[in-house]
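Dear colleague,

Here is the structure I said I would pass on.

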Amino acid sequence: ISGGSTNFTSPTGATARGDRNGSAAWPPPGHTFITANLKDLGVTALGDLTAGIGLTVPFGSLTRWPNDGPFRTATTFNTLPLLDIKPTLAYKATENLSLGLGADIYTFSGLVGEGQVEKQFISPGAPTFPLAPAGSKMELSGKDTAAGFNASLLYTALRNADGKPTANIGIVYRSQATLHLTGALLANGAKVSDAKATLVLPQVITGAIALWPVRTQEREWKLEMDVDYVGWKSVRNLDVTLANGATIPQPQNWKSTYAVMLGTEYKWLSLESLPNWEMALRAGYTNQQNQMPDLTYDPGLPSWDLHIVGGGVGFLCKEQGSFLGLMRCGDFGVGSLKPKAIGLDLSYQAAFYEDRTVLGNRNPTVNGTYRTMLHVGGVSIRMIY
């Protein structure tokens, strides 16, 4: 669940409050995945090959501002309910080296949120916006499906006496993908014209290292650092082309950024009070840079230097473990679908955006100071067969 708000103050003292279309955004960032080692399915000719497919909502972006707010001619509502379908293969090439290759299929669905990119604003009227009278409620929308790919490498540099990794190095590359959005321009709910725009999703390069200062049969303590390079410079414009060839210019000129993520997990593998259970405590910190210049800043897309702190807890009930003293965890399900373990993970993150003062925007009504704080809570259920 994602929620929070942004408070805006203009140089003249006018104020406005933006939120996630209420106390929480829909759809929230989410994920679903299933994986299987092909050897476990009886396919041995391909070696140590694991196949999987995942579904994520990578952005979960949704922002609403008042229709009578100070920058209503710039934006009143933005949403990007993009889905990423991820078929993936992982191959264990050697004892210490594994390789991954997958696709990123980006698309939209009416089952999730608006099912399309949407931007809403109030028409300022002629001569700035001659397509509709001043005060008209405008909506730009579009959708498409596009594909990219990802490739990854995981190298185990050190192992303990039991053969478990104590130092891992990972590299992930995710390619750029281009969505050719097709949709419409509406005024007060009536179609004005067909519309097209191009959205370029950036390439992402991630480097990571994980260390286990403690890794025994009873306890594990893991430390991890990830660094992302995000090629936001690919987002040069979101210009909208209408059916008559006219263009609504929306320059962006974003800049590429880095994000640094630090995390730790302490896991109890053997609990006297809960036999056949595991428990983990987790904490993390992320520092993320702003990618939008003041000139093209859009209040519908929060973007300035960001600090995220979070924590979580995880529980894993093994096959012989007891759930609330009522039944074994391995007895859930039917027949061969009974799990070997069931996991529950809970998390919370608080995103603290540094105050940002925008000056010199192409739409002067956007100039002012923005103060934002967002919250994200997560629940995950794991079934291991």
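In which loop is asparagine 188 found? In this predicted model, asparagine 188 sits in the loop that runs between β13 (177–187) and β14 (190–201). Its phi is positive, about 50°, although the residue is not a glycine. Asparagine 188 counts as exposed because its relative accessibility is 55%, and the cut-off for exposed is over 50%.

Asparagine 276 also has a positive phi, of about 65°, and is not a glycine. The loop that holds asparagine 276 lies between β19 (257–268) and β20 (277–288). With a relative accessibility of 37%, asparagine 276 counts as partly exposed.

Another backbone feature is a cis peptide bond, which leads from alanine 126 to proline 127 and has omega near 0°. Proline 127 is placed in the loop between β9 (117–122) and β10 (137–143).

The side chain I looked at is that of threonine 63, a residue of strand β5 (residues 61–64). Is threonine 63 buried or exposed? Threonine 63 has a relative accessible area of 2%, so this residue is buried; the limit for buried is under 20%. A polar atom of the threonine 63 side chain lies 3.1 Å from the backbone oxygen of glycine 300. Leaving aside residues up to four places away in sequence, threonine 63 touches Asp19, Arg20, Thr76, Phe77, Asn78, Pro299, Gly300 and Pro302.

Best regards

How values were computed. Residues numbered from 1 in each chain as written. Predicted model: local features only at pLDDT ≥ 70, side-chain atom pairs only at ≥ 80, totals over all residues. Heavy atoms only, no water. Helix = DSSP H or I, 4+ residues; strand = E, 2+ residues; numbered from the N terminus. Buried < 20%, exposed > 50% of the residue type's maximum accessible area, 1.4 Å probe, protein only. Polar contact = N/O pair within 3.5 Å; in protein donor to acceptor, adjacent residues only side chain to side chain. Contact = heavy atoms within 4.5 Å.
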